[in-house]
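Colleague: Hi, could you walk me through this model? I'd like the overall picture and then a few residues.
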Amino acid sequence: MSLSLPVATLGTPRIGPRRELKFALERFWSGASDEPSLIEAGMALRAANWARQKRLGVTVIPSNDFSFYDQVLDTSVMVGAIPDVYGWKNGPVPLATYFAMARGADANATEASCGHAHHGHGVPAQEMTKWFDTNYHYMVPELRRDQQFSLASRKPIEEYEEAKSLGYQTRPVLIGPVTFLKLAKSKEPDFEPLSLLERLLPVYVDVLRELAQQGADWVQIDEPCLVLDLDAAAQAALRSAYTEIARSVPQIKIMLASYFGALGENRDTAFGLPVTGLHFDLVRAPEQLSDLAALSRDRVISLGVIDGRNIWRADLNRVLDRLEPVIDALGRDRVQIAPSCSLLHVPIDLGLEEKFDPQIKSWLAFAVQKIEELATLGAALSGGRKSCGTALKESDIAAAARKGSPRIHDAKVAQRVAAIDASLRRRNSPFAKRAEAQHQRFNLPAFPTTTIGSFPQTTAVRNARAAHTRGTLSNAAYTTFLQNETARAVRWQENIGLDVLVHGEFERNDMVQYFGEQFSGFAFTNHGWVQSYGSRCVRPPILFGDVSRPKPMTVEWWQYAQSLTETPMKGMLTGPVTILNWSFVRDDIPRSEACRQIALAIRDEVHDLEAAGAGMIQIDEAALREGLPLRKSEWKTYLDWAVDSFRICSSGVRDETQIHTHMCYSEFNDIIDAIGAMDADVISIETSRSKMELLDAFRVYKYPNEIGPGVYDIHSPRVPDILEMKNLLTLARERISDSQLWINPDCGLKTRRWEEVRPALVNMVAAARELRTVS
């Protein structure tokens with residue numbers, strides 16, 4: 001009888017099939033429910049996740065992959081890395097403190113949870129940025145030179161015990177100590193958080209010992225830093241960490257997981273670590289298959305063969321063709337099969353999509369279907385392909401249908417991409433000449449104020465959109481509703497004195513989906529939600545075919561809004577790189593080609609907006625940096641085609657037309673040359689959480705164009721006062737010249753409430769006016 005291959009998942013989506021976590025969090029934050037209710041909701045979601053995996057055939061089920069906000073924040077709390085500003089004084093960490101780190105808190109909430117207020121302003125949230133090159137955000141750990149660590153949260157142990165009480169023997173998941181320190185930041189200059197490893201390790205040892213005492217035999221420790229360019233110090237830190245763990249807790253077997261790429265030059269370091277198992281991402285880095293024979297015979301090998309980051313159905317027979325000889329060579333007694341990474345990054349269940357295009361649906365797999373694929377592979381590798389012939393035949397049919405579908409390719413799009421030349425990539429004049437023409441056209445005051453584009457999507461807006469989608473609100477009534485919302489927003493912006501207005505985007509469901517729904521080549525789900533951070537969930541579009549723009553998408557709404565005012569109104573578009581990076585992208589052509597297709601479609605819209613009279617057009621590239629490859633050797637190739645795509649869509653306008661762009665949560669030092677090459681007239685960026693430190697890149701680079709550094713964090717419910725914004729602007733003026741400086745929030749205001757937006761923007765305008773009086 002063949003040995004059955006273990007089927008593992010490295011983590012699963014935690015939001016619930018119907019976004020139960022989102023709604024539970026928002027009820028709690030609003031005061032509509034209490035802490036026990038939230039905790040109960042979390043327990044129900046965890047129990048359902050474990051039961052679902054067991055039912056689908058998973059034999060290595062993870063625990064501690066659930067979080068109320070973010071797994072990196074959970075780790076910060078677990079090890080007691082809680083900055084003093086949050087008022088924690090050892091002991092159990094209150095949930096209010098946890099959420100203050102995630103979202104910020106006003107003075108009253110801070111005083112209630114921590115025992116004292118902070119200068120009457122509450123506390124800001126910790127900095128947030130993207131998890132490696134994914135669309136998931138994590139809370140950046142903040143450490144100091146004299147940092148002390150302690151076991152402040154037993155969450156990994158408690159969730160293991162919880163699963164065990166329900167009958168599930170799980171493999172707890174921890175973020176590795178080296179990755180945790182590599183992700184951390186410090187406000188102290190010339191301080192390397194990795195130097196804290198020796199102090200941090202005892203907490204990990206305590207956690208592992210407790211898990212062993214409770215009956216855990218395996219623990220999964222994620223060290224995705226292994227796919228980065230690591231220096232000798234980081235490689236030494238990995239050796240030191242796992243040598244200490246093996247010495248201190250020999251009874252625990254460690255599955256060391258890397259993902260999002262190849263080990264590369266870190267291979268020898270990883271192979272030499274004293275761990276029982278190693279997980280390999282064989283989707284992002286299939287070439288690693290040839291490395292596996294070099295592993296010692298006592299190592300368990302986890303093969304990440306199902307894509308944990310994209311939604312395409314696997315060609316199972318093709319996967320088996322690759323795996324069978326490798327597994328035969330390695331020995332079945334030491335192999336597990338798994339997704340390439342946690343399934344956190346894909347929607348939960350394709351079965352919920354009852355109204356989805358059936359042809360495209362047959363090409364897809366969400367988390368549930370990916371686990372079913374793993375179970376099929378496990379059965380085929382254990383009992384032969386005949387044991388699961390029906391499932392393999394269905395996979396063959398789907399793969400052939402997708403490859404041969406006439407919906408995938410459009411000859412006209414291919415011809416247009418092939419015809420791109422230098423003239424499509426270049427503005428007519430250099431920035432200095434354009435700036436002069438734009439200043440004459442708009443005659444804006446010093447430190448002009450604006451917003452990033454969207455205004456709150458209130459319950460009324462969402463209800464009207466839902467009613468229109470259901471057909472219970474007519475087209476005419478819906479248009480009237482949206483016009484009224486837009487008119488109110490325009491009048492209010494005029495009343496508070498903003499210098500450049502936006503129409504508010506009330507007609508838009510999402511900054512990517514809105515455009516994708518009007519492009520050819522995109523499909524959209526109803527329930528394909530993925531967590532971005534906390535309660536923020538998105539439904540990424542599915543880019544399945546060639547892209548074109550059949551007709552104008554935004555011109556009528558811009559014309560309507562501009563007709564209400566003499567103040568300049570920005571046209572608002574999402575850029576091609578962001579649309580690409582925030583979508584589930586086809587895997588049958590290079591990403592660069594798909595991006596240029598989108599760029600040509602956006603170029604058509606830019607041309608139509610300018611022809612209609614738009615003098616300012618913002619093309620958001622919020623996600624440009626997050627698409628940056630994890631290895632520096634691959635950066636240039638990506639940045640070349642990403643910048644090229646932006647220039648294709650933005651360069652066909654007159655000198656006096658001002659092109660804006662927006663970016664958020666980026667380490668701009670990494671890509672400052674590329675930002676300069678984009679040659680946007682004005683760039684707005686997220687900088688408030690970093691206290692304007694992100695502007696250092698623009699100062700060193702001597703960035704010549706205009707910049708709008710965000711003066712308040714829109715991801716927090718806090719309303720900053722005028723002094724706080726002026727202080728940030730003072731820091732900005734130390735880094736860039738007054739002639740470059742625009743004033744705006746960090747990002748769009750879609751997710752905030754008007755009760756927060758109104759006073760915050762009033763304060764922002766007041767801060768700008770005070771700045772003008774003293775300059």
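Modeller: Happy to. The protein chain exposes about 29,400 Å², and carbon and sulfur atoms supply 51% of it. Those accessible areas come from the Shrake-Rupley method with a 1.4 Å probe, and for residues only the protein chains shown count as cover. This is a predicted model, where local features need pLDDT of at least 70 and side-chain atom pairs count only at pLDDT 80 or more, while totals for chains, interfaces and linings use all residues. Residues are numbered from 1 along each chain as its sequence is written, and side-chain values use heavy atoms, with hydrogens and water left out.

Colleague: How many helices and strands does the protein chain have?

Modeller: There are 27 helices and 19 strands. Both are DSSP runs numbered from the N terminus: helices are H or I with at least four residues, strands are E with at least two.

Colleague: And what share of the residues is buried?

Modeller: Buried residues make up 62% of the 775. Buried means under 20% relative accessible area, exposed means over 50%, and partly exposed is in between (1.4 Å probe, protein chains only).

Colleague: Which residues touch the most other members in the largest nonpolar core?

Modeller: Phe455, Phe519, Ile598, Leu624, Phe698 and Leu761, out of 103 residues in that core. A nonpolar core here is a set of buried Ala, Val, Leu, Ile, Met, Phe, Trp, Tyr and Cys residues joined through side-chain atoms within 4.5 Å. Apart from it lies another core of 94 residues, including Val140 and Leu323.

Colleague: What is Phe698 in contact with, leaving aside neighbours within four places in sequence?

Modeller: Phe668, Ile672, Ile675, Ile683, Ile685, Tyr703 and Ile707. Contact means heavy atoms within 4.5 Å.

Colleague: Switching topic: is Arg402 buried or exposed?

Modeller: Arg402 counts as buried because its relative accessibility is 15%. You'll find Arg402 in helix α14, residues 389–404. Beyond its neighbours within four places in sequence, Arg402 is in contact with Trp312, Trp363, Ile408, Arg586, Asp587 and Asp588.

Colleague: Where is Ala677 found?

Modeller: Ala677 is in helix α24, which covers residues 672–678. With 31% relative accessibility, Ala677 counts as partly exposed. Not counting residues up to four places away in sequence, Ala677 touches Val643 and Arg647.

Colleague: What separates the C-alpha atoms of Ala677 and Val711?

Modeller: They are separated by 25 Å, and the two residues are 34 residues apart along the chain.
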